Amino acid sequence: IIVCLVSWFYAAIMIFGVGIKNPADNPMMYTIFASSYMLLPLICALGLQIVTSRKTHVRVSLRETGLLRFKIKPSWLVAWILPVVIVLLTIFVNSLLPNCEFNTDMSSLIPVEMNPTFLIVTTIISGLFAGATINALFAFGEEYGWRNYLVDALREKKFVFASIFIGIVWGLWHFPLILLGHNYPQHSVAGVFMMVIFCVLASFVELYFVLKAKSVYPAAIFHGTLNAVAGLNVLLIKGGNDLLNGACGFSGFIVITIVIAIIYVFDRYVCKDNIFSKTIEEVLDNGER
């Protein structure tokens with residue numbers, strides 16, 4: 001409640017006070033607004049932790065969960081590469097939908113002298129770099145709240161409940177940006193509901209990485225990389241609309257749902273962690289593997 005009220009109040013100031021009402025009119029100012037907006041869950045969570053620790057004279061419990069420790073594991077690499085796979089599969093699924101097809105002529109979107117294959121490869125490489133660096137840094141502003149503070153607050157809840165709950169909060173938190181045209185410029189009102197669905201689905205994937213690695217950083221890397229490479233859909237798909245296209249559209253929902261199913265099968269029958277059926281506390285209290 002606090003992070004949403006603070007964030008929405010800040011958005012109201014920027015929209016009605018500063019005058020950021022259309023991202024296309026002032027892209028630089030909108031980028032500054034959206035980037036700073038991503039840091040508010042971190043600021044609010046830290047504030048709540050400080051207040052709580054002073055009242056109870058107890059150290060922040062997240063120190064005990066270890067979700068802030070920086071210990072690289074194989075799951076970090078998967079979280080880094082998976083967004084590229086999701087986006088490429090989304091593009092393929094997108095091309096199969098009605099009135100959608102691969103864009104074979106990108107001359108209107110890129111300089112004629114630039115090779116399309118070279119552009120795609122460089123976009124992926126630069127996206128991976130940004131996803132693990134600057135994008136991950138800003139994504140951490142969100143993830144500290146969603147997959148760190150809230151994960152600790154929901155320790156007694158099952159993985160599925162926590163994923164849905166966090167995803168709904170995460171999605172609704174976006175609504176001022178969505179109404180401005182972020183992700184769904186053609187359907188801003190319907191986009192609010194679409195964003196909630198996307199965040200719930202993405203929350204399953206991100207929370208799994210957090211619990212698997214016992215660290216919030218893979219979620220920040222996944223989030224940052226997905227933001228960095230999602231634009232490939234604009235280059236490679238012609239037709240459709242923002243409710244169908246991209247990771248935040250229907251085609252992305254199909255792909256992420258399949259990814260969740262694959263993760264579930266892997267979790268239950270391969271590594272046998274059974275994270276999907278456990279509470280967060282049961283997973284975090286397990287010893288290192």
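A salt bridge here is a side-chain nitrogen of Lys or Arg within 4 Å of a carboxyl oxygen of Asp or Glu. The side chains of glutamate 206 and arginine 147 form such a pair, at 3.1 Å from N to O. Glutamate 206 belongs to helix α10 and arginine 147 to helix α7, residues 134-153, so the pair links parts that are 59 residues apart in sequence. Helices are DSSP runs of H or I with at least four residues, strands are runs of E with at least two, and both are numbered from the N terminus.

Before going further, the provenance. This is a predicted model, in which local features need pLDDT of at least 70 and side-chain atom pairs count only at pLDDT 80 or more, while totals for chains, interfaces and linings use all residues. Residues are numbered from 1 along each chain as its sequence is written, and side-chain values use heavy atoms, leaving out hydrogens and water.

Are glutamate 206 and arginine 147 buried or exposed? Both are buried, where buried means under 20% relative accessible area, exposed means over 50%, and partly exposed is in between, with a 1.4 Å probe and protein chains only.

The count of salt bridges comes to 6. Another of them joins lysine 212 and aspartate 273, at 2.4 Å from N to O. Lysine 212 sits in helix α10 and aspartate 273 in the loop between α13 and α14 (280-284), so this pair ties together parts that are 61 residues apart in sequence. Lysine 212 is partly exposed at 28% relative accessible area, and aspartate 273 is buried at 7%. Salt bridges with shared partners also join Glu143, Arg147 and Glu206 into one network. Then there is aspartate 152 with arginine 155, whose closest N and O atoms are 3.8 Å apart; both of these residues are buried.

Next, helix α13. The helix has 21 residues and reaches 29 Å from its first C-alpha to its last, close to the expected 30 Å; that expectation is 1.5 Å times one less than the number of residues. Which residues of α13 are buried? They are Ser251, Gly252, Phe253, Val255, Ile256, Val259, Ile260, Ile263 and Asp267. What do they pack against? The buried residues of α13 pack against α5 (74-96) and α10 (188-213), with contact meaning heavy atoms within 4.5 Å. After the helix comes lysine 272, which has a positive phi, near 55°.

Phenylalanine 266 is also in α13, which covers residues 250-270. This residue is partly exposed, with a relative accessible area of 38%. Together with Tyr264, Val265, Tyr269 and Val270, Phe266 makes a nonpolar surface patch of about 490 Å². Patches take residues with over 30% relative accessible area and no salt bridge, joining like charges within 9 Å and nonpolar side chains (Val, Leu, Ile, Met, Phe, Trp, Tyr) within 5 Å. Areas come from the Shrake-Rupley method with a 1.4 Å probe, and for residues only the protein chains shown count as cover.

Last, the whole chain. The protein chain has 14 helices and 2 strands. Its C-alpha trace spans about 60 × 50 × 30 Å along the principal axes. Of its 289 residues, 50% count as buried. The accessible surface is about 14,400 Å², and 70% of that belongs to carbon and sulfur atoms.
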